[in-house]
Amino acid sequence: MKVGHRFEQPGNLGLAWLLLCVSFAANILDDALNDFLGYYNATVLTLYGHFSWFPRIDLSFREWLVGAIVFDAVLLLLTPSAYRNSPFLRPIAYIFSTFMLLNALGIILASLLGRTVPSVHFTGRAPGFYSSSLLVAASVHLLWRLRSSREANSRAI
């Protein structure tokens with residue numbers, strides 16, 4: 001088997017997984033450079049003020065950035081499992097790609113509205129907007145690979 005052939009296998013999730021992890025890293029950078037936390041904390045405080053049941057999770061820049069980087073690093077460490085098509089990774093991949101797709105669509109919607117809640121307006125685009133198209137493309141690609149690999153694996157049985 002040629003090394004390049006592994007990328008072409010219908011059941012292989014490796015490249016799609018890797019692309020989504022890299023897109024997530026780009027989104028973290030985009031958020032960090034565009035004051036994501038300023039808008040996030042203001043939105044959380046506003047929602048908490050209106051709904052006492054809403055969880056108040058204020059984040060500092062350092063804890064958010066370290067947490068996001070560590071989370072993405074753990075996902076990147078799972079890349080070899082994605083190339084091996086490990087069955088345990090499939091539900092994780094569905095959750096990861098769906099969450100990233102919803103996150104990107106939320107960013108795009110917030111940019112179109114110009115705000116998250118009525119009292120928290122953006123100056124320009126929402127943080128993460130410039131990388132959101134990468135997240136959409138990579139998420140859809142991974143979801144497509146998951147679906148096509150399911151069909152390919154069921155035909156092989």
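## Elements of the chain

Helices (H or I, at least four residues) and strands (E, at least two) are DSSP runs, numbered from the N terminus, and in these terms Arg90 lies in helix H6, which covers residues 89–113. The chain has seven helices and zero strands, and from the N terminus on its elements run α-α-α-α-α-α-α.

This is a predicted model, in which local features need pLDDT of at least 70 and side-chain atom pairs count only at pLDDT 80 or more, while totals for chains, interfaces and linings use all residues. Residues are numbered from 1 along each chain as its sequence is written, and side-chain values use heavy atoms, with hydrogens and water left out.

## Confidence

The pLDDT, which is the predictor's confidence in each residue on a scale from 0 to 100, averages 89 over the chain, and 89% of the residues score at least 70. Over residues 1–8, however, the pLDDT is below 50, and beyond near neighbours in sequence this stretch has eight contacts in the model, where contact means heavy atoms within 4.5 Å. Where pLDDT is low, the predicted coordinates should not be read in detail.

## Burial and contacts in the whole chain

Buried residues make up 38% of the 157 residues in the chain; here buried means under 20% relative accessible area, exposed means over 50%, and partly exposed lies in between, with a 1.4 Å probe and protein chains only. Of the contacts in the chain with a separation of 6 or more, 76% come from residues 24 or more positions apart.

Two packed helices are described by the angle between their axes and the distance between the axes. Helix H2 (residues 14–33) and H4 pack at an angle of about 170 degrees, with their axes 9 Å apart, and that makes H2 roughly antiparallel to H4. Axes are lines fitted to C-alpha atoms, for helices over the stretch in contact, and angles run from 0 to 180 degrees between N-to-C directions; angles under 35 degrees count as roughly parallel, over 145 as roughly antiparallel, 65 to 115 as roughly perpendicular and the rest as oblique. In this packing, residues of H2 including Trp17, Leu18 and Phe24 meet a group in H4 that includes Phe61, Trp64 and Leu65.

Helix H3 (residues 36–50) has 15 residues and reaches 21 Å from its first C-alpha to its last, close to the 21 Å expected at 1.5 Å a residue, the expected span being 1.5 Å times one less than the number of residues. Leu37, Tyr39, Asn41, Thr43, Val44 and Thr46 are buried in H3, and the buried residues of H3 pack against helix H4 (61–77).

## Two residues of H6

Arg90 is buried, with a relative accessible area of 19%, and, not counting residues up to four places away in sequence, Arg90 touches Leu13, Leu146, Ser149 and Arg150. Leu101 also has its place in helix H6. Leu101 and Val140 are 39 residues apart in sequence, yet 7.3 Å apart in space, C-alpha to C-alpha.

## Loop residues

Most residues other than glycine have a negative phi, and most peptide bonds are trans. Asp35, found in the loop between H2 and H3, has a positive phi near 55 degrees and counts as partly exposed at 45% relative accessibility. Asn85, in the loop between H5 and H6, has a positive phi of about 60 degrees although it is not a glycine.
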